[in-house]
Amino acid sequence: MPQALVAGLVVAHGLITTMIGLGGVTKPDAPAVTLPAWFGWWPGPFGRSWLIDALDLGSGATMIGGGLWLAAGLALVASGLGWLGVPALSGVWLPLAFGGAAAGLVALALFFHPLYVVAVVINVALVVLASGALVPEAR
């Protein structure tokens with residue numbers, strides 16, 4: 001897959017993550033998103049943190065969770081732009097990808113819903129890529 005396409009997908013993933021974060025920060029008391037009835041098998045709400053709600057931590061904790069989403073998303077957008085060659089970001093895109101994806105995994109754990117499985121896979125792939133685990137050994 002061409003580098004520009006993958007970097008563009010990272011930017012798109014970062015923008016989605018950022019939008020989720022903005023919702024959490026600006027509307028911490030918003031109700032859970034209503035999903036189709038066939039998702040009734042999942043016990044948790046979509047768009048709310050199962051942990052924050054279960055512990056009744058309130059809107060302040062939800063805003064912190066939203067801030068985590070927001071930071072992760074902005075780091076992912078910046079990493080994708082750096083991967084595309086934006087001069088100010090091209091030298092730091094790997095640490096941004098690692099940090100954004102790792103923070104995104106924490107946010108996903110706090111707000112988990114089965115619809116987020118694709119995001120989990122993307123973030124795990126970015127952590128593995130940015131950590132250098134896929135770099136072949138020198139011979």
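Thr18 is found in helix α1, which covers residues 3–26; helices here are DSSP runs of H or I with at least four residues, strands are E runs of at least two, and both are numbered from the N terminus. The model is predicted, so local features need pLDDT of at least 70 and side-chain atom pairs count only at pLDDT 80 or more, while totals for chains, interfaces and linings use all residues. Residues are numbered from 1 along each chain as its sequence is written, and side-chain values use heavy atoms, with hydrogens and water left out.

Is Thr18 buried or exposed? Thr18 counts as buried because its relative accessibility is 7%, where buried means under 20% relative accessible area, exposed over 50% and partly exposed in between (1.4 Å probe, protein chains only). A polar atom of the Thr18 side chain lies 2.7 Å from the backbone oxygen of Gly14. Beyond its neighbours within four places in sequence, Thr18 is in contact (heavy atoms within 4.5 Å) with Trp69, Leu70, Gly73, Leu74 and Val77.

Helix α3 takes in residues 58–83. With 26 residues, α3 reaches 38 Å from its first C-alpha to its last, close to the 38 Å expected at 1.5 Å a residue; the expected span is 1.5 Å times one less than the number of residues. Trp83 also lies in α3 and is buried, with a relative accessible area of 17%. Which residues does Trp83 meet, leaving aside its neighbours within four places in sequence? Its contacts are Gln3, Val6, Ala7, Val10, Trp93 and Leu129. Trp83 and Ala4 are 79 residues apart in sequence, yet their C-alpha atoms are 7.8 Å apart in space. Just after α3, Gly85 takes a positive phi of about 105°.

Helix α4 (residues 93–110) has 18 residues, which should span 26 Å at 1.5 Å a residue; the 25 Å between its end C-alpha atoms agrees with this. Its buried residues include Trp93, Ala97, Gly100, Ala101, Ala103, Gly104, Ala107 and Leu108. An α-helix has 3.6 residues a turn, so residues three or four places apart point the same way. The buried residues of α4 pack against α3 and α5 (117–131).

Turning to the whole protein, the secondary structure comes to five helices and zero strands. The C-alpha trace spans about 55 × 30 × 25 Å along its principal axes. Of the 139 residues, 34% count as buried. Among contacts between residues at least 6 apart in sequence, 71% join residues at least 24 apart.

Conventions: A polar contact is a pair of N or O atoms within 3.5 Å; within protein, one must be able to donate a hydrogen and the other to accept it, and residues adjacent in sequence count only if both atoms are side-chain atoms.
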